[in-house]
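Colleague: I'm new to this one. Can you put it up and walk me through it?

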Amino acid sequence: MDLNDRPLFGVAGFPPAFFESEYRKKRTNIFQWLNSLSLNWVELQNTYGVKMKEEQAKEYRKLASEYNVGISIHAPYYITLASADPDVVKRSIERIFQCYWLADVIGANRIIFHPGFFGGKTDEDRKKGLDQLINGLLSIKNDIPNNIYLYAETAGKCSQLGSLEEIIKICNAVSYVRPCLDLAHIHGFTHGSLISTESIVKVIECVEQELGRKMLDEIHFHMYPVEIDKNGEKRHRAFFEKNEIQQMNLFSNKDEWFYPRPEHFVSAIKQKKINPIVVCEALNSQEQGAMLMKKMYEESDI
Ligand SMILES: [Zn+2]
């Protein structure tokens, strides 16, 4: 995989600000809009399935390269290879192939997916679900292009597969899977652990130790602040929003912000000298969050 000489910051989907801008008339203007904000990435959401037609994908590809914006594909939410229902597994595999088709036509080499739910409730069911998911991913080995990678994303809710350990296991077992660390999800899954630079460095070092420097260099991040409760992720927040309910919320931190914080993240990637793709999913302010992190990165010394 080609690596960048600096981190690339961008947005998930089409932020509300795009539709308020002068570029709003055509969705294909997203690339020009991002370029005007000095952002370099867009993750295209295919929440309810891959709907894009070939012509449109080719146009996106052309404009993305013209405006120097990279594209990743976010797979539909209902990819559940660990389901107990064989029909659901079969349909999930079909959706993965649709993502590969789109990635190939649009010129993306990263497909992000959620490991999703598993059949049952116990730790034993969870382990079985993970094995089934790995086998499902291995089953497509001979039918996929070898320059496009599947990124397994960390889960925000404890009831889903996708702890950091599980993501690492999937990456170790399947050669074409890479880690997508949604730091807000990790924060939710671990009941609020990412409250400092050090805590984020620790997560990055865990990936480095378990998967090696090469995979660390190819890492993908989702980064935004999140409101959490005892089950994990509750809702996305914006970096500038203050946590007014902190008095009632056992899982909030001592100050008024939602975590993880951009300054902690930026110093963590600087310390580890990595140049990842960073997709911002901050609530209704994806581009503002991405621009803030980019500015902090460019202006801070640590
Ligand atoms: Zn996701």
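This is a predicted model: local features need pLDDT of at least 70, side-chain atom pairs count only at pLDDT 80 or more; totals for chains, interfaces and linings use all residues.

Colleague: Which strands make the barrel?

Modeller: Eight strands close it, in the order 1-2-3-4-5-6-7-10, with parallel pairing. Strands (E, at least two residues) and helices (H or I, at least four) are DSSP runs, numbered from the N terminus. Two strands pair if DSSP finds at least two bridges between them. From one strand to the next, the twist averages 30 degrees.

Colleague: How many bridges join strand 1 to strand 10?

Modeller: Four, and the two run parallel. Strand 1 covers residues 8-12. Its Gly10 stands opposite Val279 in strand 10. Phe9 has Val278 of strand 10 as its bridge partner.

Colleague: And how many join strand 7 to strand 10?

Modeller: Four bridges again, also parallel. Strand 7 spans residues 220-223. There, Val279 of strand 10 is the bridge partner of His222.

Colleague: Are the faces of strand 10 covered or open?

Modeller: Both are covered. Ile277 and Val279 are buried on one side, Val278 and Cys280 on the other. Buried means 20 or more other C-beta atoms within 10 Å of the residue's own, with C-beta atoms placed from the backbone. In a regular strand, side chains alternate between the two faces of the sheet.

Colleague: New topic. At what angle do helix 3 and helix 4 pack?

Modeller: About 45 degrees, with axes 8 Å apart. Axes are lines fitted to C-alpha atoms, for helices over the stretch in contact, and angles run from 0 to 180 degrees between N-to-C directions.

Colleague: Which residues of helix 3 make the contact?

Modeller: Glu54, Ala57, Lys58, Tyr60 and Arg61. Helix 4 answers with Leu102, Val105 and Ile106. Contact means C-beta atoms, placed from the backbone, within 7 Å.

Colleague: What about the largest nonpolar core?

Modeller: It has 83 residues. A nonpolar core is a set of buried Ala, Val, Leu, Ile, Met, Phe, Trp, Tyr and Cys residues joined through C-beta atoms within 7 Å. Helix 4 gives the most to this core, seven residues. Cys99 and Cys280 are among those with the most contacts inside it.

How values were computed: Residues are numbered from 1 along each chain as its sequence is written. Two residues are in contact if their C-beta atoms, placed from the backbone, lie within 7 Å. A residue is buried if 20 or more other C-beta atoms lie within 10 Å of its own, exposed if 12 or fewer, and partly exposed in between; C-beta atoms are placed from the backbone.
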